[in-house]
Amino acid sequence: MYIEFRLPTGGGGGGAQHTNWLIIQKLDEWADQYNIKYTKKNIKYTLRVTFEDVSAYSLFAMTWKGAEFRLIETLQFDRY
């Protein structure tokens, strides 16, 4: 599971860099407020955020007041 933020395209990447910076600033504030550790990863024009504790996703969804995001649940396949 992860949180995904879409970053703007075009403009030589300047808008994406600035938006990425703003989101990370808000994420840092949110994580400090709720004492939650997170990891982030940029993939092209998206910022992905993951939490170690699964319950943090619910807390995030209920308390986040920043940029729009999508909550993505990864598929788990059983191997036989």
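Among contacts in this chain between residues at least 6 apart in sequence, 60% join residues at least 24 apart; contact here means heavy atoms within 4.5 Å. Keep in mind that this is a predicted model, where local features need pLDDT of at least 70, side-chain atom pairs count only at pLDDT 80 or more, and totals for chains, interfaces and linings use all residues. Residues are numbered from 1 along each chain as its sequence is written, and side-chain values use heavy atoms, with hydrogens and water left out.

Let's get our bearings. The chain has 2 helices and 4 strands, and from the N terminus on they run β-α-β-β-α-β. Helices (H or I, at least four residues) and strands (E, at least two) are DSSP runs, numbered from the N terminus. The C-alpha trace spans about 45 × 35 × 15 Å along its principal axes. Of the 80 residues, 31% count as buried; buried means under 20% relative accessible area, exposed over 50%, and partly exposed in between, with a 1.4 Å probe and protein chains only.

Now the sheet. In what order do the strands of the open sheet lie? The 4 strands are arranged S2-S3-S1-S4, with antiparallel pairing. S2 and strand S4 (70-72) are the edge strands, each pairing on one side only. From one strand to the next, the twist averages 25°. Helix H2, residues 55-63, packs on this sheet and touches S1, S3 and S4, and its direction makes about 125° with that of S3. For those angles, axes are lines fitted to C-alpha atoms, for helices over the stretch in contact, and angles run from 0 to 180 degrees between N-to-C directions.

A word on pairing: strands of a sheet pair through backbone hydrogen bonds, either parallel or antiparallel. Here two strands count as paired if DSSP finds at least two bridges between them. Strand S1 (residues 2-6) and strand S3 (residues 46-51) run antiparallel, joined by 4 bridges, and isoleucine 3 has valine 49 in S3 as its bridge partner. Strand S2, residues 38-43, pairs with S3 over 6 bridges, also in the antiparallel sense. There, threonine 39 stands opposite threonine 50. The hairpin of S2 and S3 has 2 residues between the strands, and lysine 44 in that hairpin takes a positive phi near 50°.

On to helix H1. How far apart are the end C-alpha atoms of H1? They are 30 Å apart, which agrees with the 30 Å that its 21 residues should span at 1.5 Å a residue; the expected span is 1.5 Å times one less than the number of residues. Ala16, Asn20, Ile23, Ile24, Leu27, Trp30 and Ala31 are buried in H1. Because they cover an arc of only 130° around the axis, they sit on the same side of H1; the arc is that of the directions from the helix axis to the C-beta atoms. As background, an α-helix has 3.6 residues a turn, so residues three or four places apart point the same way. The buried residues of H1 pack against S1, S2, S3 and H2, while the face turned away from that side carries the exposed residues Glu29, Asp32 and Gln33.

Let me zoom in on one of these. Asparagine 20 lies in H1, residues 14-34, and is buried with a relative accessible area of 14%. Not counting residues up to four places away in sequence, asparagine 20 touches Leu7, Asn42 and Leu47. After H1 comes asparagine 35, with a positive phi near 55°.

H2 has its own buried set: Ala56, Tyr57, Phe60 and Thr63. Their arc of only 150° around the axis puts them on the same side of H2. They pack against S1, H1, S3 and S4.

Last, the aromatics. How many aromatic pairs does a search of the whole structure find? The search finds 10. Rings of Phe, Tyr and Trp (its six-membered ring) pair if their centres lie within 6.5 Å; planes under 30 degrees apart count as stacked, over 60 as edge-to-face and the rest as tilted. Tryptophan 30 and phenylalanine 51 make a tilted pair, 5.6 Å centre to centre with 45° between the planes. Tryptophan 30 is in helix H1 and phenylalanine 51 in strand S3, so this pair ties together parts that are 21 residues apart in sequence. Both tryptophan 30 and phenylalanine 51 are buried. They also belong to one aromatic cluster, formed by Phe5, Trp30, Tyr34, Phe51, Tyr57, Phe60, Trp64 and Phe69.
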